[in-house]
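Please look over the sequence and the structure below before reading on. The text then walks through a few parts of it.

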Amino acid sequence: MSEQSKDKHQQRQQKLKDQVDARIAAAQQEKGIFQVITGNGKGKSTSGFGVVARCVGHGKKAAVCQYIKGTWECGERNLLQSAGVEFVVMGTGFTWNTQDKESDTAAAQAAWQESKRLLSDASLDVVLLDELTYMVTYGYIDVDEVLEAISNRPPMQSVIITGRAAHRKLIELADTVSEVRNVKHAFDAGVKALQGFDY
């Protein structure tokens, strides 16, 4: 690389660094973050669990409520519970398994009561409400009640909600929204879910 090319590269990188440094200097507000991870692609729950692992790795405290996952073994739960993460599991599995709206609603409401307890616990740094979006979509949990609980949580508590088709009110309230897009999925090609990778 010529000296002129090196100089141009260094100037571009310095300009980029100056822009990033200015944005970091301007971001002075400290508060818990409300993040929604939605979309049709694979990886929403995985992303949420990554934040929980990061939290615990820093010696902080996290809790998880799983709304759709059933009672089967969950690798994330196996690992994180042993690290002190509290788990609440709705435990009925996918609603198309039970096909009973009344029992599904009761199970969702019971899990939601536990979620509200987590959302009022100032000792928790991160709360993951995994697959909550479905409970709102199906009408098992009222979206305004969710918004109220999140808005009134302890100021430094961060909350992550995952699941497809997040309600627009959740998206509007969120500080950060990530949409996971499905480009290609092994299951569509007939590949069976793999333990340790898919669950």
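Predicted model: local features only at pLDDT ≥ 70, side-chain atom pairs only at ≥ 80, totals over all residues.

Helix 2 covers residues 44-57. With 14 residues at 1.5 Å a residue, helix 2 should span 20 Å, and the 20 Å between its end C-alpha atoms agrees with that.

Which residues of helix 2 are buried? They are Lys44, Ser45, Gly48, Phe49, Val52, Cys55 and Val56. These residues lie on the same side of helix 2, because the arc they cover around the axis is only 130 degrees. An α-helix has 3.6 residues a turn, so residues three or four places apart point the same way. Arg54 and Gly57, on the other side of helix 2, are exposed.

The buried residues of helix 2 have several packing partners. Among the strands they pack against are strand 1 (34-38), strand 2 (62-66) and strand 3 (86-89). Strand 4 (126-130), strand 5 (158-162) and helix 3 (75-81) are also packed against by these buried residues. After helix 2 comes Gly59, with a positive phi near 80 degrees.

The lysine is Lys31, placed in the loop that runs between helix 1 (3-26) and strand 1. Its relative accessible area is 35%, so Lys31 counts as partly exposed, a class that lies between the cut-offs of 20% and 50%. Lys31 and Ser45 are 14 residues apart along the chain, and 23 Å separates their C-alpha atoms. Leaving aside residues up to four places away in sequence, Lys31 touches Pro155, Met156 and Asp175. With Asp175, the side chain of Lys31 forms a polar contact of 2.7 Å to the Asp175 side chain.

Technical notes
Residues numbered from 1 in each chain as written. Heavy atoms only, no water. Helix = DSSP H or I, 4+ residues; strand = E, 2+ residues; numbered from the N terminus. Expected span 1.5 Å × (residues − 1). Buried < 20%, exposed > 50% of the residue type's maximum accessible area, 1.4 Å probe, protein only. Arc of directions from axis to C-beta. Contact = heavy atoms within 4.5 Å. Polar contact = N/O pair within 3.5 Å; in protein donor to acceptor, adjacent residues only side chain to side chain.
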